[in-house]
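Trainee: I have a model open and would like to go through its side-chain contacts. Can we start with rings and charges?

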Amino acid sequence: MNRGRSTQARARTAQRRAFRNWAGHVHAHPHTFSGPASAEELSGIVTAAAAAGDRLRVVGAGHSFTPVAAGDDVMVSLDGLSGIVAVDEAAGRVRFHAGTRLRDIPALLAPFGLALENQGDVNPQALAGAISTSTHGTGIGFTGFAGTVTGLSLMGPDGEVRELSAEAEPEIFDLARVSLGVLGVITEVELQCVPAFDLIAEEKVAGFDELLDGLTERMRGADHFEFYWFPHTDSVLTKTNTRVEPGQAGPGHLAEAGVRNRWLNLLDKEVVENGALRLAVELGAKVPAVVPSINRIAQSVVADRTYRAPGHDVFVTPRRVRFNEMEYALPFDSGPEAIREIRDVIEAKGWAISFPLEVRCAAADDVPLSTASGRETMYIAVHRFIKEDFAEYFRVVEEILCRHGGRPHWGKIHTRTASDLPELYPRFADFCDLRARLDPEAMFGNRFTDSLFGVTRR
């Protein structure tokens with residue numbers, strides 16, 4: 001191969017490759033799929049696409065349930081741009097290449113005694129994708145990923161990079177922290193990290209109504225709290241995580257909690273949780289009438305347990321059983337009523353729902369397009385096994401969540417468009433104006449993002 005041939009030529013001859021998201025229902029067939037190994041090579045790909053009038057989308061793990069990453073012309077994976085760029089140990093700020101996968105970050109931070117402040121329950125995503133879709137964990141005292149961003153490097157259609165922070169181009173930085181990839185290609189992300197910590201996890205079964213009656217108080221009283229409710233049952237599985245310094249005893253009744261054997265942890269997560277769930281949902285997909293009985297049996301055999309592990313090991317659970325998901329961010333105090341309405345409609349419709357609802361929370365942040373922007377938030381997520389049709393279930397539940405002022409998770413299934421979003425996001429128009437200014441030809445979008453931001457492309 002001629003080593004001197006241009007980056008543009010390499011981009012043009014990149015292997016044609018079909019794209020399918022993690023859940024399997026989003027497909028794309030771009031004419032070019034590239035994986036640059038440097039920012040310089042990425043710049044060549046971007047400028048070549050702009051010159052050709054092509055649209056370009058960046059993809060990480062493909063873990064979004066919407067078509068947000070799908071591209072018809074050029075798709076780019078940043079897997080070759082991974083790892084730490086720089087560490088400010090005194091400030092606890094760490095700059096990463098944008099393609100760094102969340103699953104790799106704990107090991108990268110370990111030599112510095114640092115950790116991510118919070119995490120969601122899955123970790124295959126690329127860092128840029130996680131912040132761009134407002135990915136979050138749970139804990140009323142903690143924001144989602146975007147709230148911890150302190151700096152960004154953003155490449156525009158001309159292949160040039162802007163360095164953004166609260167001090168450098170602060171207006172663009174403010175709006176770019178959650179951008180769905182339509183402002184340009186994020187090449188580096190700086191995060192505010194924290195000293196490494198352990199979590200003591202308490203998993204307990206509680207009554208459905210009893211929990212909802214005191215849910216907001218329960219969430220405010222814990223570092224991290226979430227629960228799962230299997231429809232057709234009267235109980236929920238709660239998970240309360242308490243933060244402790246490594247080597248420090250837990251408070252009160254948690255003082256004796258010990259680090260759990262990693263093999264027992266693996267057994268529970270891989271065999272008990274994923275294995276049993278797969279058997280249940282496969283049977284439920286074939287014989288829907290047995291779903292209520294399966295869910296009740298599953299809840300009846302769940303045992304309370306308490307264990308301790310490094311934070312990232314407790315936050316993250318492998319997801320081997322594939323599903324489709326919709327999640328909405330509600331004003332915090334609206335959550336319990338909305339959950340009860342979902343329970344009532346499931347029973348009234350006679351649906352057989354095998355996957356649980358997942359309920360989490362987050363602190364308010366100041367990121368304009370964050371799902372928790374300006375308000376404490378309760379997240380309600382519903383799921384359906386990939387072999388089951390989700391359309392009617394999601395449509396009816398979405399109507400309930402929207403009545404309560406819900407904002408859709410940017411990476412999960414929803415039907416909101418540019419006509420719905422301005423009333424949910426006070427600075428939505430500001431973001432659209434910035435998008436038009438930074439990318440006037442809308443090369444960094446696709447048909448899905450066009451529907452969200454009201455883009456009409458020539």
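Trainee: Which ring does the charged end of Arg-407 sit over?

Mentor: The charged end of Arg-407 sits over the ring of Tyr-425, 4.8 Å from the ring centre. A charge sits over a ring if NZ of Lys or CZ of Arg is within 6 Å of the ring centre and within 35 degrees of the ring normal. Before you go on, note that this is a predicted model, in which local features need pLDDT of at least 70 and side-chain atom pairs count only at pLDDT 80 or more, while totals for chains, interfaces and linings use all residues. Residues are numbered from 1 along each chain as its sequence is written, and side-chain values use heavy atoms, with hydrogens and water left out.

Trainee: What lies over the face of Phe-197?

Mentor: That is Arg-243, at 3.8 Å from the ring centre of Phe-197.

Trainee: OK, ring pairs now. How many aromatic pairs does a search of the whole structure find?

Mentor: The search finds 13 aromatic pairs. Rings of Phe, Tyr and Trp (its six-membered ring) pair if their centres lie within 6.5 Å; planes under 30 degrees apart count as stacked, over 60 as edge-to-face and the rest as tilted.

Trainee: Why is the pair of Trp-22 and Phe-65 edge-to-face?

Mentor: The planes of Trp-22 and Phe-65 are at 90°, with the ring centres 6.1 Å apart, so the pair is edge-to-face. This pair links distant parts of the chain, 43 residues apart: Trp-22 is in the loop between strand 1 (19-20) and strand 2 (27-28), and Phe-65 is in the loop between strand 4 (56-59) and strand 5 (74-77). Helices (H or I, at least four residues) and strands (E, at least two) are DSSP runs, numbered from the N terminus.

Trainee: Are Trp-22 and Phe-65 buried or exposed?

Mentor: Both are buried. Buried means under 20% relative accessible area, exposed over 50%, partly exposed in between (1.4 Å probe, protein chains only).

Trainee: Back to Phe-197. How far apart are the ring centres of Phe-197 and Phe-315?

Mentor: They are 6.3 Å apart, and the planes are at 70°, so Phe-197 and Phe-315 form an edge-to-face pair. Phe-197 is in the loop between strand 12 (194-195) and strand 13 (198-207), whereas Phe-315 is in helix 10 (residues 311-315), 118 residues apart. Phe-197 is buried at a relative accessible area of 10%, and Phe-315 is buried at 7%.

Trainee: Which residues do ring pairs link into a cluster?

Mentor: The cluster consists of Trp-410, Tyr-425, Phe-428, Phe-431 and Phe-453. Tyr-425 is also the residue whose ring has Arg-407 over it.

Trainee: Now salt bridges. What does the count come to?

Mentor: It comes to 30 salt bridges. A salt bridge is a side-chain nitrogen of Lys or Arg within 4 Å of a carboxyl oxygen of Asp or Glu.

Trainee: Which residue does Arg-55 form a salt bridge with?

Mentor: Its partner is Asp-450, with the closest N and O atoms 2.9 Å apart. Arg-55 is in the loop between helix 2 (39-52) and strand 4, and Asp-450 is in helix 14 (residues 447-453), 395 residues apart. Arg-55 has 12% relative accessibility, so Arg-55 counts as buried; Asp-450, at 13%, is buried too.

Trainee: And where are Arg-308 and Asp-198?

Mentor: Arg-308 is in strand 16 (residues 305-310) and Asp-198 is in strand 13, 110 residues apart. Their side chains meet in a salt bridge of 3.1 Å, N to O.

Trainee: Which residues do salt bridges join into one network?

Mentor: Salt bridges that share partners join Asp-174, Arg-177, Asp-366, Arg-427 and Asp-430.
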